[in-house]
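Biologist: I've got a structure open and I'd like to learn how to read it. Can you walk me through some features?

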Amino acid sequence: MPTPDFFNIYDLLTTEQQLIVSTVKDFSDREIKPIIEDYARKAEFPLHLIKKFGEIGLFGATIPQEYGGGGLDYISYGLMCQEIERGDSGMRSTISVQSSLVMWPVFAFGSEEQKRKYLPGLATGELIGCFGLTEPDHGSNPAGMTTRISKTENGYLLNGSKMWISNAPFADIAIVWARDDDGKVRGLIAERGMEGFSTPEIHNKWSLRASATGELVFDNVFIPEENILPNASGLKAPLLCLDKARYGIAWGVIGAAMDCYETAVKYAAERIQFDKPIAAFQLTQKKLAEMLTEITKAQLLAWRLGTLMNEGKATTTQISMAKRNNVAMALNVARECRQILGAMGISGDYPIMRHVMNLESVITYEGTHDIHLLILGAEITGIQAFK
Ligand code: FAD
């Protein structure tokens, strides 16, 4: 049973969900934890994991089985994110992008032909996708996007660029959001190898180092009509994708916090100062007690959000609250744990500093901490403060 579980969340799970969480935790312990520090140090994505992610059903967990997905519920998907992020936020990012930002829009907005063409390969990991919304000059305000498609014979010409795109350097396809001749936001599928399409890698990151991030550059790329997502129209379409991914993040970061917390509990019991384990000092106990409380609150928030997702009742604002709260919780927990380990806290011999650095991206991507606060503020007051 994955720990900590102070409020017996495990007992709230179905037998199938219990099996999923245990299986994915074992996978994370076996396949991610032993290698990830090395890949993070090298700033390299462990490409060999893609096939394994596919094999154990981590891609497209909620997509119906007829398209190769898992046909599972949202709590199962959340638990997968949690256990993979216990290993590394970058690995969970790849799963979030593939499942929520690539497979889900193809499923929700794609034609039957597009679903049959792309989803089975994406589910096995034979195909990898990325999601291009952010641009160099438009991050928090995607409505300002300048990437354009203009009508030409049998299709469109795509021009513009996207920035900070997870998986871009090795993705086979990209879900791209661009404005058409009428100024309407449209979604399309760009394929590697299309003339004028390149994906330069972004180097020099101190966060999510084991995740590959890049640009998407489009120079008069011909996009055939059949690569346009027919049912995506307006900015609402990419924002609905972000809802799904943010939901997964709200669960995922709990895994990073759990890994830091468990490392710190063990270290505090073993590290002797002033002739006592540092766990014996009240200040250490205060840190640990508060961390466990915050992790538990985040688990309950994620679990309840999962039940609302399963009922189709979760709102964008509820998802914003959970993403914002749980990422900040995880970052605070990781920083506190780093302190408990003293100098050892900065060493790559322990996972904590990597989690701290990773979470600095997670608190920014998929809507920054402050933007989610303003989304909540707008719901409370009826006044949008971010425009
Ligand atoms: P900005 O929008 O420039 O914001 C800078 C600061 O200003 C922030 O603190 C923000 O909160 C604040 N701010 C902005 N507007 C307001 C306002 N109205 N009121 C108050 N404060 C405001 N994007 C994708 O499309 N696909 C991906 O796969 C993807 N992966 C990513 C991976 C990584 C590692 C990172 C770091 C980013 C990724 N992103 C991706 C981009 C990410 O979603 C953006 O970085 C994020 O939306 C913020 O945009 P920005 O960086 O341009 O910051």
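Biologist: How far apart are the end C-alpha atoms of residues 14–126, and how much of the span is helix or strand?

Modeller: Helices here are DSSP runs of H or I with at least four residues, and strands are E runs of at least two, numbered from the N terminus. For residues 14–126, the end C-alpha atoms are 30 Å apart, with 73% helix and 0% strand. This is a predicted model, where local features need pLDDT of at least 70, side-chain atom pairs count only at pLDDT 80 or more, and totals for chains, interfaces and linings use all residues. Residues are numbered from 1 along each chain as its sequence is written.

Biologist: Which residues touch the most other members of the largest nonpolar core?

Modeller: In soluble globular proteins, nonpolar side chains tend to be buried together. A nonpolar core is a set of buried Ala, Val, Leu, Ile, Met, Phe, Trp, Tyr and Cys residues joined through C-beta atoms within 7 Å. The largest one here has 113 residues, and those touching the most other members include Met80, Ala257 and Val333. Helix 6 (residues 236–270) gives the most to this core, 17 residues.

Biologist: What about the backbone: which phi does asparagine 167 have, and where is it found?

Modeller: Most residues other than glycine have a negative phi, and most peptide bonds are trans. Asparagine 167 isn't a glycine, yet its phi is positive, about 75°. You'll find asparagine 167 in the loop between strand 3 and strand 4 (173–179). Asparagine 220, in strand 7 (residues 213–224), also has a positive phi, about 55°. Asparagine 167 is buried, with 25 C-beta neighbours inside 10 Å, whereas asparagine 220 is exposed, with 12. As for peptide bonds, the one joining threonine 3 and proline 4 is cis, with omega about 0°.

Biologist: And how many residues surround the ligand?

Modeller: A residue counts as near a molecule if its C-beta atom, placed from the backbone, lies within 6 Å of it. Here 22 residues surround the ligand, and Thr134, Gly139, Ser140, Thr368 and Phe386 are the closest.

Technical notes: Buried ≥ 20, exposed ≤ 12 C-beta atoms within 10 Å, placed from the backbone.
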